[in-house]
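Welcome! Here are some exercises to work through with the structure open beside you. Try each task before reading its solution.

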There are 2 protein chains.
Amino acid sequence: MAVFLSNFVNKIDKKGRVSVPASFRAALGSDASGIVVFRSLQHEALDGCSIGHLELLSQSLEKQDLAPDVYELIETTIFGGSVQLPFDGEGRISLPSSLASSVGIEEEVAFVGRRKTFQLWNPKKLVAHDAASRSAARAKDISLSKIIAAASKFENGGF
Amino acid sequence: MAVFLSNFVNKIDKKGRVSVPASFRAALGSDASGIVVFRSLQHEALDGCSIGHLELLSQSLEKQDLAPDVYELIETTIFGGSVQLPFDGEGRISLPSSLASSVGIEEEVAFVGRRKTFQLWNPKKLVAHDAASRSAARAKDISLSKIIAAASKFENGGF
DNA sequence: ATCTTAACCATGATATCCCATGAAGACCCA
DNA sequence: TGGGTCTTCATGGGATATCATGGTTAAGAT
């Protein structure tokens with residue numbers, strides 16, 4: 001498996017440790033020493049990814065001509081706000097309480113797969129957000145079969 | 001770890017000493033005898049980096065055709081205003097009070113990772129700055145996946 | 001001699017490592 | 001197919017190391 005899929009709710013123990021879902025750890029592949037976590041720009045949640053992915057991001061930043069203020073913005077917000085969290089022997093990370101509380105995470109964390117990255121939510125806030133995005137998807141008339149059909153006009157394969 | 005990530009708030013004792021975060025010291029790698037600090041051009045904060053990085057900076061200055069007055073300005077501001085701060089046995093630096101007070105740092109310092117460099121902030125001013133950055137990011141509708149997606153149009157790879 | 005500065009030592013809090021347990025699922029073998 | 005076993009994984013606790021921080025002593029400067 002190479003992508004982060006599905007979602008899992010795990011407990012935070014009194015030391016602040018949480019098990020990262022085994023399938024997520026498997027998806028990390030080579031750089032499986034830990035993950036990187038930072039506050040999402042859009043949601044009341046944390047974004048997580050592999051260290052390699054963060055480096056990719058930093059390369060992306062250098063490659064394109066971003067406005068200085070945007071560049072500046074991302075450097076402080078992402079790199080300044082991100083935390084590298086190594087796994088312990090059991091595949092757990094210890095989530096800094098400051099990060100957790102900043103997005104309303106308390107005694108449980110929902111790990112939500114988003115292909116190349118994943119998110120960490122307060123489970124209760126996630127269901128609310130999920131309901132909202134579903135209705136938004138309906139409103140915009142998004143459907144997977146349509147997307148696949150549209151894509152297969154360009155490529156031969158499709159999924 | 002090779003980059004400066006995350007942020008840490010440490011105390012300044014009555015002698016003016018502050019612990020440089022252990023992960024930052026690790027990120028310094030080979031030239032880990034100390035750091036270089038100077039006033040940020042953009043913010044009310046101090047910029048910090050390794051000595052090696054400062055040399056890199058000076059080399060890249062020479063390579064580009066800067067106007068003489070700009071060059072002059074940078075020389076005096078950065079190189080003239082920079083201070084080399086060695087570590088003591090416990091990984092602390094003693095921050096000159098003149099530098100600290102010039103950016104409003106008093107009894108605590110926030111070390112903010114910015115990949116190749118880091119910054120030293122008054123913690124309170126940092127949270128204000130951070131909040132401003134975030135709302136700016138939202139206003140501009142910046143998202144990381146967009147940035148990566150945009151970058152991968154230039155490269156062959158994609159993710 | 002006194003003040004300042006730098007090296008050395010001490011301590012508490014926090015995080016890391018290591019081992020234990022229990023539940024759930026996969027697998028195997030009748 | 002049903003029962004049983006074995007493995008994987010999430011979770012918990014105790015021991016140990018790391019780290020930030022404070023103080024003390026020695027050395028150098030004024």
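**Exercise 1. Find the bridge partner of Gly48(A) in E8(A), then describe how the two strands pair.**

Step 1. Now widen the view: strand E4 (residues 46–49) and strand E8 (residues 117–121) of chain A are joined by 3 bridges and run antiparallel. Two strands count as paired here if DSSP finds at least two bridges between them. Strands (E, at least two residues) and helices (H or I, at least four) are DSSP runs, numbered from the N terminus.

A note before going on: this is a predicted model, in which local features need pLDDT of at least 70 and side-chain atom pairs count only at pLDDT 80 or more, while totals for chains, interfaces and linings use all residues. Residues are numbered from 1 along each chain as its sequence is written, and chains are lettered from A and ligands numbered from 1 in the order in which they are written.

**Exercise 2. Where does Leu95(A) lie, and is Leu95(A) buried or exposed?**

Step 1. Leu95(A) is in the loop between strand E6 (92–94) and helix H4 (97–102) of chain A.

Step 2. Count neighbours: a residue is buried if 20 or more other C-beta atoms lie within 10 Å of its own, exposed if 12 or fewer, and partly exposed in between, with C-beta atoms placed from the backbone. Leu95(A) has 20 C-beta neighbours inside 10 Å, so Leu95(A) counts as buried.

Step 3. Leaving out residues up to four places away in sequence, Leu95(A) touches Ile12(A), Gly16(A), Val18(A) and Ala100(A). Touching, or contact, is defined by C-beta atoms, placed from the backbone, within 7 Å.

Step 4. For the whole chain, buried residues make up 32% of the 159 residues in chain A.

**Exercise 3. Describe how chains A and B meet.**

Step 1. The contact takes 21 residues from chain A and 25 residues from chain B. On the side of chain A, helix H2 (51–63), helix H3 (68–79) and E5 each give two or more residues. H3(A) gives the most, with 7 residues.

Step 2. By class, this side of chain A has 8 nonpolar, 9 polar and 4 charged residues. Ala, Val, Leu, Ile, Met, Phe, Trp, Tyr, Cys and Pro count as nonpolar, Asp, Glu, Lys and Arg as charged, and the others, Gly among them, as polar.

Step 3. Only 5% of the interface residues of chain A are also interface residues in chain B, so the copies meet through different surfaces.

Step 4. Chain A is superposed on chain B by a rotation of 23 degrees with 13 Å of shift along its axis (RMSD 0.5 Å).

**Exercise 4. Which residues surround DNA strand C, and what surrounds DNA strand D?**

Step 1. Around DNA strand C are Lys15(A), Asp88(A), Gly89(A), Glu90(A), Ser94(A), Asp88(B), Gly89(B), Glu90(B) and Ser94(B). A residue is near a strand if its C-beta atom, placed from the backbone, lies within 6 Å of it.

Step 2. This surface has no nonpolar, 4 polar and 5 charged residues.

Step 3. DNA strand D is surrounded by 19 residues, the closest being Asn10(A), Asp13(A), Ala22(A), Asn10(B) and Asp13(B). The residues near DNA strand D divide into 4 nonpolar, 6 polar and 9 charged.

How values were computed
Two residues are in contact if their C-beta atoms, placed from the backbone, lie within 7 Å. Copies are superposed by least squares on the C-alpha atoms of residues with pLDDT of at least 70 in both.
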